[in-house]
2 protein chains.
Amino acid sequence: MATDPRTAIPPLDIERFRDCALELADEARNQLCVLHATAFEVKRKSDGSYVTSADVEIEQRLRAIIERRFPEHGIIGEELPARAPQAEFQWILDPIDGTEDFVQHMPTFGTIIGLHYRGEPVVGVTDVPLLDLRAHAAFGLGAFDQNGRLRLTDLAPGVSPAQTRLMLSARANFISHGDDGYRFDLVTRHYPNHRIYRSCYAHLCVARGQADAMVEHGNKLWDLAAVRILIEEAGGTYQMTQHLSTPSGPVLGAIFGKPSVVTKLLALLSEASG
Amino acid sequence: MATDPRTAIPPLDIERFRDCALELADEARNQLCVLHATAFEVKRKSDGSYVTSADVEIEQRLRAIIERRFPEHGIIGEELPARAPQAEFQWILDPIDGTEDFVQHMPTFGTIIGLHYRGEPVVGVTDVPLLDLRAHAAFGLGAFDQNGRLRLTDLAPGVSPAQTRLMLSARANFISHGDDGYRFDLVTRHYPNHRIYRSCYAHLCVARGQADAMVEHGNKLWDLAAVRILIEEAGGTYQMTQHLSTPSGPVLGAIFGKPSVVTKLLALLSEASG
């Protein structure tokens, strides 16, 4: 088995990267708190999703900070072209995850920031400004929210699927790339106590143990940029379940959360496809 | 067609009832803001759902206010036995809708308060303390949130189901009383851009036009105690779609929101069952 490439990164560097990620999250939060209360321009992208002047403006500000601090690093963002796509370190930015909620003035949107090294996550931050919630994690340094370290407790073996608290993407995500939605139907049938929130807030809830697990599907790279390191550093399990190459970048799915729940969900889905 | 019994209520009385409902919501909010930050006792009820010492304590306080102000009125609450079940005026109370969220310290729980007269809603309040959100309505007096009057704008005819923002109950609700979940499956297939939140917050979003419509199913009386008057006074449509009598009270379903969306949803479900 190959050595995890992240073990070669000096720990002091990881701390510097984490501090930069937190600075980026602060900047995004400041901007979002101002912009959500003002007039912003709303457009639809070619895939029907929303983009606002706020998405673009915040991504530009975050990019400027990264370019100043780590000029050799790459940057992949939802709204602007990639910078230095061959670099080993890649910052991955979703300035507003849940733009539809932002447009509707619902407080469940947020910012997702990740730093990956040779494809493996090193730092992750998910921030929900209007709910004053943030979780962050860095490789080997643990996961934290504003109250301290996050440590997931596994669900007791006797808890039934009906009492398991599951988070899901909307069915729109599951059918976005050739899947006929069987995963959505299967999971909602076996785990009827589910909620569907935006990725950013849902990831926070799973990392903090407020939900037991999540099934994501049909996501872009930036949607999942922070969650794996958050979950793994909190003691949970993260398993990629979809990785499609498309002209507009990879399409990803994953199941993550409390270990025994992830195991059961993976078994359910592998039975169905096997 | 029979005259609406509510037209016989003097408008000044409706204002008094509304003011009392707002006083109840203030009391519940004050208590919830204190209690959610302190230790409260959590138990599971016979149906597997949670109840906390906070649910019971708040319901007792709300009942005391109603009994003092309107001793002849009936009271139906989630946690305590009915008072004066034959009275024409019935206060219907859900001190904490989304107790599971309250237990997990997620801010999407809230209080639902309704006053019904001969089964027709006269006053409704839905309050989400930690998000500082409230909507209220009274028969003939309009619907309001903290920013002013709520007036729903219908969705433009060209908006596709995929771009319609739908709110839903979890599948657990749809299968709770003999239904096999076909309504959940049908609606999630045709309207893939859905979110699943707790009733209280979801009703607020629909009344404020942040979501286009909602499909509720398998609910108790108190879950839907406020939403019909909120939606109708905001210019939306409310249609009951389920009314089962059970030993523990009626089980209800409804579709409500922007008129053209409600019409399409009703047609979808009637085609499927016809």
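Student: What is the strand order of the open sheet of seven strands in chain A?
Tutor: This is a predicted model, in which local features need pLDDT of at least 70, side-chain atom pairs count only at pLDDT 80 or more, and totals for chains, interfaces and linings use all residues. Residues are numbered from 1 along each chain as its sequence is written, while chains are lettered from A and ligands numbered from 1 in the order in which they are written. Strands (E, at least two residues) and helices (H or I, at least four) are DSSP runs numbered from the N terminus, and two strands pair if DSSP finds at least two bridges between them. The pairing in this open sheet of chain A is mixed, and the order is 3-4-5-6-7-8-9.

Student: Which are the edge strands of chain A?
Tutor: An edge strand here pairs on one side only. In chain A the two are strand 3 (74–77) and strand 9 (148–149).

Student: At what angle does helix 1 of chain A run to strand 6 of chain A?
Tutor: Axes are lines fitted to C-alpha atoms, for helices over the stretch in contact, and angles run from 0 to 180 degrees between N-to-C directions. Contact between two residues requires C-beta atoms, placed from the backbone, within 7 Å. Helix 1 (residues 11–35) of chain A lies across strand 4, strand 5, strand 6 and strand 7 of chain A. Its angle to strand 6 of chain A is about 25°.

Student: What angle does helix 6 of chain A make with strand 6 of chain A?
Tutor: Helix 6 (residues 199–207) of chain A packs on the sheet and touches strand 4, strand 5, strand 6, strand 7 and strand 8 of chain A. Its direction and that of strand 6 of chain A make about 105°.

Student: Which strand of chain A gives the largest share of the side of domain 1 that touches domain 2?
Tutor: The bounds, from an automatic or database domain assignment, are 5–149 for domain 1 of chain A and 161–273 for domain 2 of chain A. Their contact takes 29 residues from domain 1 of chain A and 20 residues from domain 2 of chain A. Strand 3, strand 4, strand 5, strand 6, strand 7 and strand 8 of chain A each give two or more residues to the domain 1 side. The largest share, seven residues, comes from strand 6 of chain A.

Student: Why is strand 7 of chain B described as largely enclosed?
Tutor: A residue is buried if 20 or more other C-beta atoms lie within 10 Å of its own, exposed if 12 or fewer, and partly exposed in between, with C-beta atoms placed from the backbone. One side of strand 7 of chain B has B:Leu133, B:Ala135 and B:Ala137, the other B:Arg134, B:His136 and B:Ala138, and all are buried. Strand 7 (residues 133–138) of chain B is therefore largely enclosed by the rest of the structure, with a buried count of six of the six residues.

Student: Which residue has a positive phi in the turn between strand 6 and strand 7 of chain B?
Tutor: These strands pair in the antiparallel sense over six bridges, and B:Val128 has B:Leu133 as its bridge partner. The hairpin has four residues between the strands. The residue with a positive phi, about 50°, is B:Asp132.

Student: And which residue takes a positive phi in the hairpin of strand 7 and strand 8 of chain B?
Tutor: Four bridges join these antiparallel strands, and B:Ala137 stands opposite B:Ala143. Three residues lie between the strands, and the positive phi, near 80°, belongs to B:Gly140.
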